Amino acid sequence: MKHINELVRQAGGGDAHAFATLYEMIYQDLYRFALYTLHHTQDAEDAVSEAVTDAFAQIHTLRDASAFKSWMFRILTAKCSHRIRQYMNRESALDESMPDSAQETDEQLDVRRAFASLPDEDRLILSMNLFAGYSSQEIAGQLGMNANTVRSRQSRALKKLEQLLS
């Protein structure tokens, strides 16, 4: 933890190498969250890239260095939410192409398809909880919803996933 705090302090002072080191520590978690939320590799990469750019520009405002990871996820959540709102305003559907990796197993493909079949907001809620570790109260605060509504939507989404995968 002391190492992370020092890296955040250095990054806050403009040290790009320190920020890059912090980013390397959480990149996979950020990307996984964005991919499962947005269901499109290019959009996920773009959202992560935008979040990282914004974070680097604003890291000097981070008051609690130990909150770096959750701070990054809040920024990424905002980027993903913005993209989802853009999706909803589009007239044509997104390309729901198969995953990029030929190495994915049938089970992974089934999970991705089932997850993709969920409504955008349900995917966002599940991603925030499962991949970013947010509580329903935190998710509610970030999405401007009631915590009970978040828990209810999450429960229904998980039940739907279970049905789709059984």
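Helices here are DSSP runs of H or I with at least four residues, numbered from the N terminus. The structure is a predicted model, in which local features need pLDDT of at least 70 and side-chain atom pairs count only at pLDDT 80 or more, while totals for chains, interfaces and linings use all residues. Residues are numbered from 1 along each chain as its sequence is written, and side-chain values use heavy atoms, with hydrogens and water left out.

Helix α7 spans residues 136-143, and its residues Ser136, Ile139 and Ala140 are buried, where buried means under 20% relative accessible area, exposed over 50% and partly exposed in between (1.4 Å probe, protein chains only). Viewed down the axis of α7, these buried residues fall within an arc of 100°, so they line one face of the helix; the arc is that of the directions from the helix axis to the C-beta atoms. An α-helix has 3.6 residues a turn, so residues three or four places apart point the same way. Gln137 and Gly141 are exposed on the face of α7 turned away from its buried side. The buried residues of α7 pack against α6 (120-130) and α8 (147-165), contact meaning heavy atoms within 4.5 Å. Just after α7, Gly144 adopts a positive phi of about 70°.

Helix α8 also contains Leu165, which is partly exposed, with a relative accessible area of 43%.

Leu22 is buried, with a relative accessible area of 1%. Not counting residues up to four places away in sequence, Leu22 touches Ile4, Leu7, Val8, Ala11, Ile59 and Phe68. The C-alpha atoms of Leu22 and Val8 are separated by 7.6 Å, although the two residues are 14 residues apart along the chain.

Conventions
Helix = DSSP H or I, 4+ residues; strand = E, 2+ residues; numbered from the N terminus.
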